[in-house]
Each structure stands twice: as C-alpha cells, then as structure tokens.
Amino acid sequence: MVKTQNRTAILLAAYNGKQWINEQIESIFQQINIDVHIFISVDLSTDGTYEWCKSLEKEHENVIVLDYGKKFGGAAKNFFRLIRDVNFSSFDYIAFADQDDIWFSDKLRYGISQMKKHRAEAYSANVIAFWEEGREKLIDKAQPQREFDYLFEAAGPGCTYIFTNKAANLIKYYLNQFPELNDFILHDWLSYAILRHNQYKWFIDPVPKMKYRQHENNQIGANASLIGKLHRIQTILSGQAFDYVAMLINVLKIDALNISSRIGVLKLAVKANQLRRRKIDQIFAFIALIIYAIKGPEK
C-alpha cells in the first residue's frame, strides 16, 4: 500500500521576480514525497512576473495564481493576503516561499518529519545565504527560544516556515479578527508571535535545507554585513520597532508587559535575556529599551 503524501499548500509572494522565480518554483516541484500545491500572489509588477506565473498556471494543475492588480507595497502584506484568501481546508501543511530562493529536494519532507518528531505545530530552520559571486554563509537562527523572544524577533527567515493546518488557520483568524495586524511590518515575525503566545510548539531546526538568495532587491536579507547590522540597530533605536511590539502586546493581551510608560519599558529591559535568543541581541535589546525609556514614551 502506498503511503499517502502530505498535502501541502505553498504560499508564494512575488514582485518583479521573473529573473529568479523559475528556479525557485522548479525546486518546489522537485520536493520528494510531498503533494505540493503552489498559490502565488503577485504584487503589481513591471517585469512580466504575473504573465509568467499565469502561463505556468496553464501548464500545471497544482499552480494557482490569485487575482492580480493590487499594489501591496511589501512582502508582508502580500503574504497576509495569501493567508487570508487561500482556503487551507484540504491541506495538512502550509508553507511560505519567497520568489528567489532554492530549496533542497527534501526541504518539506525533512521539515515535516521534524515537526512530527518534536510534536510541533510550526517549524523554521537555518538557511545557507548565497550571493551571485559564489559566496555562501550559514545563517544561524536556532538558538534556544526565550520566554518573550517572539515580541522582538522572528523564528528565522519566513521562507523556512511550515505550519500545520490548525496553526495556519489560527494566523488567518488573527488577521481577520484584528485588521490592524495586516499592517504589521513582517509576516514571519507576526506568525511566530501569534503561535508562540498561544502556546503552539515551534521547532527551530539547526539543519539548513535551502539556499537563501542575497541580492540588491532583497527587502529583508541576511544582515550578514556590518552595514546590515548597523541598519537593523538603527531601526530598533528609531522607536519604529517598538510600535509593533506595542501592537503585539495589545492584540495578544499580554497584561504583564507594558511599554506605554517609562517604568514599563525599564521593567521590560530587566527581562532582556528573555527577549532575544542570541546573547548579543539580548544586549542590543537592553540598550535599545534603556534609550527608548529615556526618550520614547511620555507617560
């Protein structure tokens, strides 16, 4: 008797990606022992990405291109559209995909096997960042999870994420129930926050099963350079990131935390070792919170 394959919906957000998308989709088609169905949402593009995806849809029954013509303006809103609009009812698992990466042929099979082994509702993993000139670098996001890390970071690159049907539908519920979340800055961060807060087990795998393309058009890249790291720190210190932290605290109803007052921010700074997974990021979080407490909230 042939074992039933895991039926998996791939949510792929695209924008001006014709240069790379074929290689990404071919790597998805080559997934071993997984019944994949690819749902593509194309942000308003100028390079023929939509037309290319529509021609692919005509050739493959397991490719569905969503209605086109809206300007999302960023990957997060495009992914939120996919989560809201795709019907997950017939799928066992749901996974995110970027338009420009390359998956190993056992990415989904291995990830799902690890979810079953660890009894996890959600999964993410390390990746191998690569550049066109041939340079590669392991991006390690598999440090031990902390109590409130989900308020300050994602579980790694969203293109590694796999969810059970139940977990994906919880994210869908929040996006429909709380419209303000559709303006959240990062889809991977929000997904991680929703599931972790609701006590869904999330496994972060140290084993990379994909190559994470780096190029000048990356909206969110590997942050491997000093300039990338400094830009990330500047974003945190600008206070913008804290607006999203406040949104999470409010929507998720985390009554024990408060960043609307200086005292609340200082109390959170004391918990800095529970806010990020890497030690160096815990230090950055502490510094950022102290600075924010000094010049940020007015109450």
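Colleague: What makes β6 and strand β9 count as a pair, and in which sense do they run?

Modeller: In this predicted model, β6 and strand β9 (residues 162–164) are joined over two bridges, in the antiparallel sense. Two strands pair if at least two bridges are found between them, so two bridges meet the requirement. Within this pair, A122 stands opposite F163 of β9.

Colleague: How do you know that β6 also pairs with strand β10, and in which sense?

Modeller: Between β6 and strand β10 (residues 202–205) there are four bridges, and the two strands run parallel. The requirement is at least two bridges, so β6 and β10 pair as well. Here Y123 is the residue that faces F203 in β10.

Colleague: Why is Q114 called buried?

Modeller: The relative accessible area of Q114 is 11%. Buried means under 20%, so Q114 qualifies. Q114 belongs to helix α4 (residues 107–118). Leaving aside residues up to four places away in sequence, Q114 touches Y123, F203 and D205.

Colleague: What is the order of the strands in the open sheet, and why are β3 and β10 placed at its edges?

Modeller: Seven strands form the open sheet, in the order β3-β2-β1-β4-β9-β6-β10, and the pairing is mixed. β3 (63–65) and β10 each have a single partner strand, so one side of each has no neighbour in the sheet. On average, neighbouring strands of this sheet are turned by 20° against each other, direction ignored.

Colleague: What makes β2 and β3 a pair?

Modeller: Three bridges join β2 to β3, and these strands run parallel. At least two bridges are required, so β2 and β3 pair. I40 stands opposite V65 in β3.

Colleague: Which helices lie across strands of the sheet, and at what angles?

Modeller: Helix α1 lies across β1, β2, β3 and β4, and runs at about 175° to β1. Helix α6 lies across β4, β6, β9 and β10, and runs at about 135° to β10.

Colleague: Why is α1 called roughly parallel to α2?

Modeller: The axes of helix α1 (residues 21–29) and helix α2 (residues 49–59) come within 12 Å and cross at roughly 30°. Angles under 35 degrees count as roughly parallel, so α1 is roughly parallel to α2. The crossing of α1 and α2 is right-handed. I21, N22, I25 and F29 of α1 make the contact with W52, C53 and L56 of α2. By class, this contact has six nonpolar, one polar and no charged residues.

Colleague: Why are α3 and α5 described as roughly perpendicular?

Modeller: α3 and α5 pack at an angle of about 110°, with their axes 9 Å apart. Angles from 65 to 115 degrees count as roughly perpendicular, and α3 and α5 are therefore described in that way. The contact is made by F80, I83, R84 and D85 of α3 and by A168, I171, K172, L175 and N176 of α5. By class, the contact of α3 with α5 has five nonpolar, one polar and three charged residues.

Colleague: Which residues of helix α3 are buried, and what covers them?

Modeller: In helix α3 (residues 75–85), the buried residues are A76, N78, F79, F80, R81, L82 and I83. Their cover includes β1, β2, β4, α5 and α6.

Key:
Residues are numbered from 1 along each chain as its sequence is written. This is a predicted model: local features need pLDDT of at least 70, side-chain atom pairs count only at pLDDT 80 or more; totals for chains, interfaces and linings use all residues. Side-chain values use heavy atoms; hydrogens and water are left out. Buried means under 20% relative accessible area, exposed over 50%, partly exposed in between (1.4 Å probe, protein chains only). Contact means heavy atoms within 4.5 Å. Axes are lines fitted to C-alpha atoms, for helices over the stretch in contact, and angles run from 0 to 180 degrees between N-to-C directions. Angles under 35 degrees count as roughly parallel, over 145 as roughly antiparallel, 65 to 115 as roughly perpendicular and the rest as oblique. A crossing is left-handed if the near helix is turned anticlockwise from the far one by less than a right angle, and right-handed if clockwise. Ala, Val, Leu, Ile, Met, Phe, Trp, Tyr, Cys and Pro count as nonpolar, Asp, Glu, Lys and Arg as charged, and the others, Gly among them, as polar.
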